[in-house]
Amino acid sequence: MAVGAPGVSDTDPLEEGDTQRGGPPAPGGRPGRRFTLWLPLLALPALGLLALASWLGRHARPSADEWCFVPQARDQGVLGLVDQFYFTDNGRVANGLLVGLYARFPVAGHQWYGVVSGVLILLVLWAFLARILRRTHQDTPPGTALFVASMVTAVFFFATTNTYKTFYWPAASVSHTLAPVLACAAALPLLAARTPRGRNAAVAVVLLAGVFMGTLSEEASVVALVLLGATVVLARWMFVERARRYARVWSLAGMAGVAVGTLILVTSPGSRNRRERYDAETVSMLAPESLVGALEQYVQILGTVFTTWQYVGAVAAGVVLGLVARRRPGGGPTALLPLRPLPVLGLGLSALLVTGYLCAVITYPVFGDRLIRTERTWNDYLLLYILLLVAAGAFLGRALRPREGRAPLRTTLVALAAAAVAVTSAVSLYGPLRDLGTAMETRADRWDRQDRWMREQADAGATTLPYRPNSVGRMLEPFGNQGRNKWPAQCIARLYGVDEVTRGTRFPQ
């Protein structure tokens, strides 16, 4: 019987339990009124980080791959860039579409990308967490989901070892920062569905989202496939009986979409061209030396991530969530089972380790031992890690919250300590962000002066122009490696309409 077909109860299967609904609320009562005042305030440091980063985005300028994207989008439009991605570059149709939307506006597109994507990601995570709380029948004070989402967003963007490539470099962000968040967005119709029509729409959305994901990011697709596959196999332990079939149908639809998108990508002329370029220089990803090398790099990546102390802010936000959340009176048993620490955290950690290694296997043939320095590729599974930390904190907070009556002094002190840790984690990220902003401002000034000068010279009839490399955030610029690496000098020449760009020695005054 199809999902939502006649004969199936109109009640939402994700909210049905195995026992009668309307039971008494869990001990501890509703969240105290005191939390309604300070929870929204706790979000301010993390939101301030996003606001500061958005303001500093005015210093972003094209670099690396975007030297090639900008003239292509200018000359051929967004569809021309999509065509280039599919037939020439890599086959990532959805990636080409998103890149074209900002590359069509060369400098302005780069300046506005950070604030637009940052706000979008915050809103998606806010809605995602709020819906999860609702589906698990948790009653929380106003501002709880916003606080947790803002902390997740802050550490996701700014606790990384290279914020520029995570937040400010659009070419990397659409593939590795935005992609996993879009996967969360695909689950929103599922979490909001309450009627057969809504459930059918959720299945259709995840199918289309899977196709889009398959042509956007190979690494994010791998993470999605592993998580959806785990849902299909483990639905018996994750959902109540009446919700299992629908959860499996939804997950299988998502997997089918990703499979179709991946098939479109790998059979494209662009993907074949990319494989031919790299196959001559690297070994197969399934070769023993490649698998071992990927594992060695992945262990180093985990060492870096696990020792970055600011991620404890996500745990602290989870502790606060666990302390203030209460089962909604009359909400019945929770739909997501088991909401017990060992099953949830064990499955989550297993998924993290598996998906992270698979992403390393995919990218190792391209980057080799430089994988430890390509932080942008970590983001595809880093969001899962941060959400797992929030869950761990929430379980800890739930274990520490009072069983009855008003919160005892110990619980109040734990809440204050967790709040202090979350705020400290967010505040500690301001310094590195300001330093990056200073470096970006310096580059923007030099970039603008050089841009004006090169346009003036090109308009005067020059056919060869000198270009002084000007990098920030370890971004690639032409004439790297002591001048031996000329890429993307030819793209810069195309942008300014000259025959050749040579290595310059100073910036124009």
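**Loops, helices and aromatic pairs in a predicted model**

Arg 474 lies in the loop that separates S3 from H20. The model described here is a predicted one. Although Arg 474 is not a glycine, its phi is positive, at about 60 degrees. With a relative accessibility of 46%, Arg 474 counts as partly exposed. The loop between S3 and H20 also holds Pro 488, and the peptide bond leading from Trp 487 to Pro 488 is cis, with omega near 0 degrees.

The strands on either side of this region form a pair. Strand S3 (residues 464–467) runs parallel to strand S4 (residues 500–503), and four bridges join them. Within this pairing, Tyr 467 has Arg 503 of S4 as its bridge partner. Between S3 and S4 the chain passes through helix H20 (residues 489–496), giving a β-α-β crossover that is right-handed.

His 137 is placed in the loop between helix H5 (106–135) and strand S1 (138–139). The relative accessible area of His 137 is 1%, and because buried residues are those under 20%, His 137 belongs among them.

The chain as a whole contains 20 helices and four strands. Of its 509 residues, 53% count as buried. Among contacts with a separation of 6 or more, 82% are between residues 24 or more positions apart.

The average pLDDT is 86, and 88% of the residues score at least 70. Among the elements, the lowest mean pLDDT, 77, belongs to helix H1 (residues 35–42), and the highest, 96, to helix H2 (residues 44–56). In residues 1–10 the pLDDT is below 50, and this stretch makes 20 contacts in the model beyond near neighbours in sequence. The pLDDT is also below 50 over residues 332–338, a stretch with 33 contacts beyond near neighbours in sequence. Where pLDDT is low, predicted coordinates should not be read in detail.

Helix H19 (residues 430–459) comprises 30 residues. From its first C-alpha to its last, H19 spans 42 Å, close to the 44 Å expected at 1.5 Å a residue. The buried residues of H19 include Tyr 430, Leu 433, Leu 436, Met 440, Trp 447 and Met 454. Also among them are Arg 443, Gln 450 and Asp 451. Just after H19, Gly 461 adopts a positive phi of about 105 degrees.

Ala 235 is part of helix H11 (residues 218–238) and, at 0% relative accessibility, counts as buried. Apart from neighbours within four places in sequence, Ala 235 contacts Ala 230, Arg 244 and Arg 248. The C-alpha atoms of Ala 235 and Arg 245 are separated by 8.2 Å, the two residues being ten apart along the chain. Pro 341, by contrast, is found in helix H16 (residues 341–367) and is partly exposed, with a relative accessible area of 35%. When residues up to four places away in sequence are not counted, Pro 341 touches Gly 346, Phe 395 and Arg 398. A distance of 8.6 Å separates the C-alpha atoms of Pro 341 and Leu 396, which are 55 residues apart along the chain.

Aromatic rings were also considered. A pair of aromatic rings is described by the distance of the centres and the angle of the planes. The count of aromatic pairs is 15. One of them joins Phe 167 and Tyr 168 in an edge-to-face arrangement, with 4.8 Å from centre to centre and 90 degrees between the planes. Both Phe 167 and Tyr 168 are buried. Tyr 311 and Tyr 385 form another pair, with ring centres 5.6 Å apart and planes at 75 degrees; because an angle over 60 degrees counts as edge-to-face, this pair is classed as such. Tyr 311 lies in the loop between helix H14 (288–306) and helix H15 (312–324), whereas Tyr 385 is in helix H17 (residues 379–400), so the pair ties together parts that are 74 residues apart in sequence. Tyr 311 is buried, at 3% relative accessible area, and Tyr 385 is buried, at 11%.

Terms used: Residues numbered from 1 in each chain as written. Predicted model: local features only at pLDDT ≥ 70, side-chain atom pairs only at ≥ 80, totals over all residues. Heavy atoms only, no water. Phe/Tyr/Trp six-rings, centres within 6.5 Å; stacked < 30°, edge-to-face > 60°. Buried < 20%, exposed > 50% of the residue type's maximum accessible area, 1.4 Å probe, protein only. Helix = DSSP H or I, 4+ residues; strand = E, 2+ residues; numbered from the N terminus. Expected span 1.5 Å × (residues − 1). Pairing = 2+ DSSP bridges. Right-handed = clockwise from strand over helix to strand, strands pointing away. Contact = heavy atoms within 4.5 Å. pLDDT = per-residue confidence, 0-100.
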